[in-house]
Amino acid sequence: MSANPASAAPEVEQPTGSGPGFRIPKVPFWAQIVAGLVLGVLLGWLARSQDLGWLVTTLDEIGSLFVQLLKLAVAPLVFFAILVSITNLRQVNNAARLATRTLLWFMITSLIAVGIGLTIGLLTNPGSGTGLTPKDGKLSDTKGSWIDFLTGIVPDNVITPFTELNVLQIVFMAAVAGIAALKLGDKAKPILTLSQSVLELLQKALWWVIRLAPIGTVGLIGYAIADYGWDLIGKYATFTADVYIGCALVMFGVYPLLLATVAKVSPLQFFKGAWPAIQLAFVSRSSVGTMPVTQRVTERLGVPKEYASFAVPFGATTKMDGCAAIYPALAAIFIAQIFDVQLGIGDYLLIAFVSVIGSAATAGLTGATVMLTLTLSTLGLPLEGVGLLMAIDPILDMMRTATNVAGQALIPVIVSAREKILDHDAYNSASSSPIDSFGQDDVREAEQKATLPVPA
């Protein structure tokens, strides 16, 4: 047999059809997502208007299964991504400086986002004229407080954080393991090799789930429309508009301004390259579930892989401009107005403090209930207010998560540009190619490694 790899390459099947020029058109991933959104809205409206209980149940099960598949990979993905990302920093010059700058820009953009959220809330008074009263709220089952937040960082054992999906504790254990591996040096190489392999395995499995996003979109959007209805959405019209406007101002106003003035790169090119991650985040409502896509688009935008593999997982668990800055600021004002509680300048400063320091409590999962209860408990507002917002939360969470993920891709670009390690040629040539192409990139990279000469 020939040892030449090229001779063993499988033949590519030619497209079949009615003629030699016939090709089955491939629908871009973004078009599949849009089709899922439209179909979901139509099915949701049909289920509600015709009172089709079986359709409501079907939509709910489809959406829930998609989210459950995403959550299935969250715990091990976060652990190995954080562990590997910390150890990858040793391959980067000025690693401590990069990590510090990354955290600093996380805080700066969070402050800007919470400032925008507070401003919009004070200008629009989202809780006025809704017809909602304190009786409409119910006590949240999920609570967050500073004591719980601080004491909950360190787990009682290594199993419970994975079974209960406590992402903050998983991040803590992964960070400790990563730092310990750095200190051990060569002795930790077997563990690091295994961790890298497990991480790649998890990401590959998650890609299969991501491919189901258009179907998941039908279920998630359809059930939201069928269950909540337009009447309920109307009661929260101002608040919903505030969240979307606030997120849009941050994502399409603040971020482009920072790219143009601080990073000195084209904002349009950024969104062109990052769009696959942003659109998937909008649908999946999970920063962690979107993390492999976010990391890949960040690398495609010219951020060094060693740095991106640290900054993106770190951001996916702590960088939440939508869920941890804009949303809790607006929600606090909304709930205070419903319960007729007056907020002062000190309260607004507390909201900003909670948004910057407590964002890790959001943990990159769907929803921002823990972060909201943390904010309310800090301000002394009734936790029953959380119940007022749960009905509309999925609609809000789509835009919040898209903003989160855009910020998680933005900061590595800014830091890389400031530190002069950004590949401007790669950035300027980045395209909004379908997500499917990333899988092909993985295959080509593996094939290239397989054909490299083996050292004697």
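Helix H13 (residues 322-338) is mostly covered, since 16 of its 17 residues are buried; buried means under 20% relative accessible area, exposed means over 50%, and partly exposed lies in between (1.4 Å probe, protein chains only). Helices here are DSSP runs of H or I with at least four residues, strands are runs of E with at least two, and both are numbered from the N terminus. From its first C-alpha to its last, H13 reaches 22 Å, close to the 24 Å expected at 1.5 Å a residue; the expected span is 1.5 Å times one less than the number of residues. H13 also bends by about 35 degrees at Pro 328, where the bend is the angle between axes fitted to the seven residues ending there and the seven starting there. After H13 comes Asp 340, with a positive phi near 55 degrees.

This is a predicted model, in which local features need pLDDT of at least 70 and side-chain atom pairs count only at pLDDT 80 or more, while totals for chains, interfaces and linings use all residues. Residues are numbered from 1 along each chain as its sequence is written, and side-chain values use heavy atoms, with hydrogens and water left out.

The protein chain as a whole has 19 helices and zero strands. Of its 456 residues, 52% count as buried. Contact means heavy atoms within 4.5 Å. Among contacts between residues at least 6 apart in sequence, 85% join residues at least 24 apart.

Two packed helices are described by the angle between their axes and the distance between the axes. For H3 (residues 95-124) and H12 (residues 305-318), the angle is about 35 degrees and the axes are 11 Å apart. These axes are lines fitted to C-alpha atoms, for helices over the stretch in contact, and angles run from 0 to 180 degrees between N-to-C directions. On the H3 side, the residues in contact include Leu 98 and Phe 106, and on the H12 side they include Phe 310 and Gly 315.

Which residues does Ala 406 contact, leaving aside its neighbours within four places in sequence? They are Met 251, Tyr 255, Phe 270 and Ile 278. Ala 406 lies in helix H17 (residues 393-418) and is buried, because its relative accessible area is 0%.

Beyond its neighbours within four places in sequence, Thr 240 is in contact with Ile 392, Ile 395 and Leu 396.
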